Amino acid sequence: MTTDTLTPVSGAAALVDRLRTTFAARRTASTAWRRGQLTALRELLTENSDVLLAALADDLGKGPQEAYRTEIASTVNEIDHTLAHLDAWLAPRPAALPDRLLPAVGQVVREPLGVVLVIAPWNYPLHLALAPLVGALAAGNCAVVKPSELAPATSAALARLLPRHLDDAAVAVVEGAVPETTALLEQRFDHIFYTGNGTVGRIVMTAAARHLTPVTLELGGKSPAVVDEGTDLATVARRIVAGKFQNAGQTCVAPDYVLAVGDTAGAIEPHLAAAVTDAYGTDPAATAEYGRIVNERHFDRLTGLLGSGRTVIGGGHDRAARYLAPTVLADVTADAPVMQEEIFGPILPIVSVPDLDAAIAFINARDKPLALYAFTGSDETKRRLLAETSSGALGFGLPVAHLAAPGLPFGGVGESGMGRYHGEYSLDTFSHTKAVLDKPLG
């Protein structure tokens, strides 16, 4: 199958109709079909890793080790976890019934939704296109995958490889930009899964509302890293740096800023600087594992934020190479430009608050983040952050890592998104959970 080009709405309609015909024939219903597709997707990743790594390097300057770990291995892990548990997840679950309905049997079954649309972003253009597809296939759906046009090499690789490995009567890839996405959104899907920013998320949700189509919106926001007094700042700094500057900071759950409690702000500065140097050397531009900004528009946006505080380390940049050094800013105020939007790049501001009460108030005065991280040795601090704040995820002692656990749901709340996926939660997202009651006639 060749890649579908769908600028005209009529072309999008024909594509969705074709997939609906496949679904109506129950081609995707059997567990054997689902397992076969997941196994084929795994083979796509393992057999074409060199091609995919080259594409990721072209699009984002991703180093091979980081790209393999975060894009390929992470998706293979999701597939393996799903294959290991799929039979149990698909088995009907008995449900207790009230005495007044007995004798009768109640159960809960999962059934596929139909034809779903996955719209992927550019920052992890492979993983964030395929990880939702794992859930869609496991649930027995047909799917349209729309890769990001801002990662053209990865988009082209997906358009070539997915039809070769997967059932092209059930899975389609549509390349393109706004016209193609707009044409797709005019169609009636049974679920739309979008990863990206809130502005486009609102467009997706508006389009879905016309058909009463349910949506999953994986968005972003400013994810704080609370650093409490009395912690091992050298270890904390290493972990924050690892989470923040992966993919040159272009990660939706990267620590967006350090919220330093008490005297921690000044004390952590040299540790963050040392951790950056340990991770990327004295010249990060020469380090193969340090990526680049996706395009000049984002580069210009990011460099415009550099004056928001005192530079502790970094700040160097080269527009022609789309290079921006890992940068830490101190003495940043709450009203500084860098604190007004999700950074989504390699700039880490340090904001100081006097105590935990002030830290909780600071977090709660803003949109609910996709993730909240805290570095503390206090069980009481952990309890209060869990009870008194709201975020898509809460991580103590290690940022970003919850993504690597298929047993944990991934998703946002409020402005950071709606819906969840990974592991069995993906199966829930792409299935209808149906109640079944059977009472004898006798």
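Reader: What covers the buried residues of H2?
Author: The cover includes helix H3 (49–60), helix H4 (64–90), strand S2 (105–112), helix H5 (127–138) and helix H6 (152–165). Contact means heavy atoms within 4.5 Å. Helices (H or I, at least four residues) and strands (E, at least two) are DSSP runs, numbered from the N terminus. Keep in mind that this is a predicted model: local features need pLDDT of at least 70, side-chain atom pairs count only at pLDDT 80 or more, and totals for chains, interfaces and linings use all residues. Residues are numbered from 1 along each chain as its sequence is written, and side-chain values use heavy atoms, with hydrogens and water left out.

Reader: Which residues of H2 are buried?
Author: Trp 33, Arg 34, Gln 37, Leu 38, Ala 40, Leu 41, Leu 44 and Leu 45. Buried means under 20% relative accessible area, exposed over 50%, partly exposed in between (1.4 Å probe, protein chains only).

Reader: Where do they sit around the helix axis?
Author: The buried residues of H2 fall within an arc of 160 degrees, so they line one face. The arc is taken from the directions from the helix axis to the C-beta atoms.

Reader: And what's on the face turned away?
Author: Ala 32 and Glu 47, both exposed.

Reader: New topic. Which way do the residues of S7 point?
Author: In strand S7 (residues 215–218), Val 215 and Leu 217 point one way. Thr 216 and Glu 218 point the other way, and all are buried. In a regular strand, side chains alternate between the two faces of the sheet.

Reader: Parallel or antiparallel with S6?
Author: Parallel, over four bridges, with S6 spanning residues 191–195. Two strands pair if DSSP finds at least two bridges between them. Thr 195 has Glu 218 in S7 as its bridge partner.

Reader: What about S7 and S17?
Author: That pairing is antiparallel, over two bridges, and S17 covers residues 417–418. Leu 217 stands opposite Met 418 in S17.

Reader: What's the strand order in the open sheet of seven strands?
Author: S10-S13-S14-S9-S8-S15-S16, with mixed pairing.

Reader: Which are the edge strands?
Author: Strand S10 (310–313) and strand S16 (394–396), each pairing on one side only.

Reader: How do S15 and S16 pair?
Author: In the parallel sense, over three bridges, with S15 at residues 372–375. Tyr 373 has Gly 395 in S16 as its bridge partner.
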